[in-house]
Amino acid sequence: MAEVILESVSKVYPGNVKAVDNLSLRIEDREFVVLVGPSGCGKSTTLRMVAGLEDVSAGTIRIDDRVVNDVPPKDRDIAMVFQNYALYPHMTVYRNMAFGLKLRRVPRDEIDRRVREAARMLGIESLLDRKPRALSGGQRQRVAVGRAIVRTPKAFLFDEPLSNLDAKLRVEMRAELKRLHRRLATTTIYVTHDQEEAMTLGDRVVVMKDGRIQQCAAPLEVYDRPVNRFVAGFVGTPPMNFLTGRLVGGDGGLWFDSGAERLRFPPQLRRRLQERVGQAAVLGIRPESLTHRSDRYGADGNVLKVAVTVVEPLGDKMDVYAQTLGQQRLICRIDADRGLRDGVELAMYVNMDAVHLFEPGDEGVNVSLSSAGEQASAA
């Protein structure tokens with residue numbers, strides 16, 4: 001097992017295209033860390049630099065306290081699982097899993113033991129004599145994972161391994177990968193664009209944008225205390241709602257004024273935000289912090305009058321897309337209600353104890369967190 005450390009790492013491509021910008025990150029021994037972000041954020045480039053498939057333009061990468069910047073991939077003692085499986089089509093499952101060990105001249109008996117043990121772990125013992133063309137997508141992915149497991153590496157690297165699977169298989173493989181990590185306890189770096197995968201798999205989640213780390217923290221920390229508007233909008237399904245307006249005082253309280261509606265902050269937020277009266281701001285509201293039932297949050301009188309534009313039934317829940325009086329869009333995740341239809345006007349009550357306030361801008365800082373430390377979950 002090994003600790004992986006990236007110190008001020010950058011990757012610059014010809015034309016001064018900066019894919020990774022001064023990134024520092026420490027991945028502890030046995031930890032499962034997920035790099036997540038939109039396409040082009042630099043997460044896969046970061047993983048490929050750790051693997052040795054991309055040169056490092058600046059900075060240092062250490063694996064198990066050894067600088068590996070100039071070490072070839074085969075000598076870094078890592079195992080990588082790719083998005084496209086990368087199986088040899090002319091080889092059986094057994095030979096695909098054994099191939100890397102043969103190249104390292106591992107004794108035949110040891111190869112057989114490792115391959116069969118990994119196949120047993122992954123439930124593919126009956127597939128060892130098949131070739132990749134005779135396997136489903138989920139089975140191929142298990143073979144690719146098995147090929148990595150038999151190496152017993154210091155670290156596993158996963159580059160969007162589930163993106164080619166259908167929704168049901170993705171859920172199954174997510175659970176399988178989590179069980180495997182608990183059993184093997186190997187340092188793991190996992191790259192995905194799917195924030196749901198990131199939240200369910202990672203001990204820590206690293207949210208990236210434009211080659212930089214926006215926030216690095218435990219999954220629920222990232223969800224409950226996003227450090228800026230980008231993280232808040234990226235993590236969560238459906239995404240957080242953002243209303244533009246300003247802070248105003250009056251009637252002994254502090255209010256968010258969008259121009260068409262006013263929402264009153266609770267006392268704990270009022271104390272933190274009092275000095276920002278008169279300033280422009282963005283109010284963040286999670287879809288689950290809105291409801292059309294007055295018995296939930298209605299006692300505080302914080303209500304948005306909306307017109308429903310689209311209703312998406314989800315079983316016991318439904319997503320309601322709506323528009324406020326000020327023509328700002330909202331998504332609300334509420335209990336299923338057969339009476340709700342497109343075009344209906346209704347009141348949405350807001351849980352103001354769960355809102356966030358951001359400075360203007362795509363990466364506006366979350367100023368509603370209780371301390372400066374919570375605004376900087378550092379890598």
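**Aromatic rings and charges**

Phe32, Phe156, Phe158 and Tyr190 form one aromatic cluster. Keep in mind that this is a predicted model.

Reader: What makes phenylalanine 156 and phenylalanine 158 an aromatic pair?
Author: Ring centres have to lie within 6.5 Å, and these two are 6.1 Å apart, centre to centre. So they pair. By this rule the count comes to six aromatic pairs.

Reader: Okay, and why is the pair of phenylalanine 156 and phenylalanine 158 called tilted?
Author: Look at the angle: there's 55° between the planes. Stacked needs under 30 degrees and edge-to-face needs over 60, so 55° ends up as tilted.

Reader: How do you know whether phenylalanine 158 is buried or exposed?
Author: Its relative accessible area is 6%. Buried means under 20%, so phenylalanine 158 counts as buried. Phenylalanine 156 is buried too, at 6% relative accessibility.

Reader: Why say that the pair of phenylalanine 158 and tyrosine 190 links distant parts of the chain?
Author: Phenylalanine 158 is in strand β7 (residues 155–159) and tyrosine 190 in strand β8 (residues 187–192), 32 residues apart.

Reader: How do you know that the charged end of arginine 229 sits close enough to the ring of phenylalanine 242 to count as over it?
Author: The distance has to be within 6 Å, and here it's 4.6 Å from the ring centre. Lysine 209 lies over the face of phenylalanine 230, at 5.6 Å from the ring centre.

How values were computed: Residues numbered from 1 in each chain as written. Predicted model: local features only at pLDDT ≥ 70, side-chain atom pairs only at ≥ 80, totals over all residues. Heavy atoms only, no water. Buried < 20%, exposed > 50% of the residue type's maximum accessible area, 1.4 Å probe, protein only. Helix = DSSP H or I, 4+ residues; strand = E, 2+ residues; numbered from the N terminus. Lys NZ or Arg CZ within 6 Å of the ring centre and 35° of its normal.
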